[in-house]
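Work through the exercises below with the sequence and coordinates at hand. Each task is followed by a worked solution.

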Amino acid sequence: MEILYILIPLSIILVALAIAIFGWAVKNGQYDDLEGPAHSILYDDDKDMIPGQNNKTQKKDLNTQDSQHSEKSDD
């Protein structure tokens, strides 16, 4: 029973310390954006490195050249 005289104030001090640390973290912006950095890696801006992206632009260029070539042939 005498141990409660030590444990109760000790637990109150620990809870107050935890609340103070949490308040400091919130005030300093530690919890501002938790998902942004995780999602930013998925939306990478290296489109020129993605296989198939260059192929689409090359196909468009080839289609344009073919249509221009066929128009000249019709003349």
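**Exercise 1.** Find the aromatic pairs in the structure and classify the ring geometry.

Solution. The structure holds 1 aromatic pair. The ring centres of Phe22 and Tyr31 are 5.6 Å apart and the planes meet at 45 degrees, so the pair is tilted. The criterion for rings of Phe, Tyr and Trp (its six-membered ring) is centres within 6.5 Å, with planes under 30 degrees apart stacked, over 60 edge-to-face and the rest tilted.

This is a predicted model, in which local features need pLDDT of at least 70 and side-chain atom pairs count only at pLDDT 80 or more, while totals for chains, interfaces and linings use all residues. Residues are numbered from 1 along each chain as its sequence is written, and side-chain values use heavy atoms, with hydrogens and water left out.

**Exercise 2.** Place Ile12 in the fold and give its exposure.

Solution. Helices (H or I, at least four residues) and strands (E, at least two) are DSSP runs, numbered from the N terminus. The protein chain has 3 helices and 0 strands, in the order α-α-α from the N terminus. Ile12 lies in helix H1, residues 4–27. Its relative accessibility is 55%, which counts as exposed.

**Exercise 3.** What percentage of the residues of the protein chain count as buried?

Solution. Of 75 residues, 1% count as buried.

Note on methods
Buried < 20%, exposed > 50% of the residue type's maximum accessible area, 1.4 Å probe, protein only.
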